[in-house]
Amino acid sequence: MVCAVAAARADAVDVLVEQYLDTSSGNAVAALRHAISDALQDAVECRQKLEAAERAASRGKCPCRA
């Protein structure tokens with residue numbers, strides 16, 4: 001099971017690498033910068049959602065019942 005999950009993750013990573021390289025015309029540095037930028041943006045959005053959920057929970061509201 002663990003090997004299957006690792007293989008699936010490796011496949012997903014390979015797909016992402018190819019997509020970033022394609023959109024960067026094969027420029028590995030540009031692809032890496034774009035991937036990092038996307039990951040940071042996702043992290044910021046996740047943090048904002050977490051903070052909103054924490055605020056709602058502290059007010060006694062369940063964010064999943066919005």
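This is a dialogue on how to read some features of a predicted model.

Me: What should I know about the numbering and the model before I start?
Reply: Residues are numbered from 1 along each chain as its sequence is written, and side-chain values use heavy atoms, with hydrogens and water left out. Because the model is predicted, local features need pLDDT of at least 70 and side-chain atom pairs count only at pLDDT 80 or more, while totals for chains, interfaces and linings use all residues.

Me: How is a helix defined, and how many residues does helix α1 have?
Reply: Helices are DSSP runs of H or I with at least four residues, while strands are runs of E with at least two, and both are numbered from the N terminus. The expected span of a helix is 1.5 Å times one less than its number of residues. Helix α1, residues 2-23, has 22 residues and reaches 32 Å from its first C-alpha to its last, close to the 32 Å expected.

Me: What span should α2 have, and how far apart are its end C-alpha atoms?
Reply: Helix α2 covers residues 28-58, and its 31 residues should span 45 Å at 1.5 Å a residue, which agrees with the 45 Å between its end C-alpha atoms.

Me: Is S24 buried or exposed?
Reply: A residue is buried under 20% relative accessible area, exposed over 50%, and partly exposed in between, with a 1.4 Å probe and protein chains only. S24, in the loop between α1 and α2, counts as buried because its relative accessibility is 12%.

Me: What does the side chain of S24 reach?
Reply: A polar contact is a pair of N or O atoms within 3.5 Å; within protein, one must be able to donate a hydrogen and the other to accept it, and residues adjacent in sequence count only if both atoms are side-chain atoms. Here the side chain of S24 reaches the backbone nitrogen of A31 at 3.3 Å. At the start of α2, a side-chain oxygen of N27 likewise comes to within 3.1 Å of the backbone nitrogen of V29.

Me: Which residues does A31 touch?
Reply: Contact means heavy atoms within 4.5 Å. Leaving aside residues up to four places away in sequence, A31 touches Y20, L21 and S24. A31 belongs to helix α2 and is buried, because its relative accessible area is 5%. The C-alpha atoms of A31 and Q19, twelve residues apart along the chain, are separated by 8.7 Å.

Me: Which side chains meet in a salt bridge?
Reply: A salt bridge is a side-chain nitrogen of Lys or Arg within 4 Å of a carboxyl oxygen of Asp or Glu. The count by this rule is one salt bridge, in which the side chains of R47 and E51 meet at 2.9 Å, N to O. Both residues lie in helix α2, four residues apart, about one turn of the helix. R47 is exposed because its relative accessibility is 53%, whereas E51, at 31%, is partly exposed.

Me: Where is L16, and what separates its C-alpha atom from that of A35?
Reply: L16 lies in helix α1, and the C-alpha atoms of L16 and A35, 19 residues apart along the chain, are separated by 8.8 Å. L16 counts as partly exposed because its relative accessibility is 44%.
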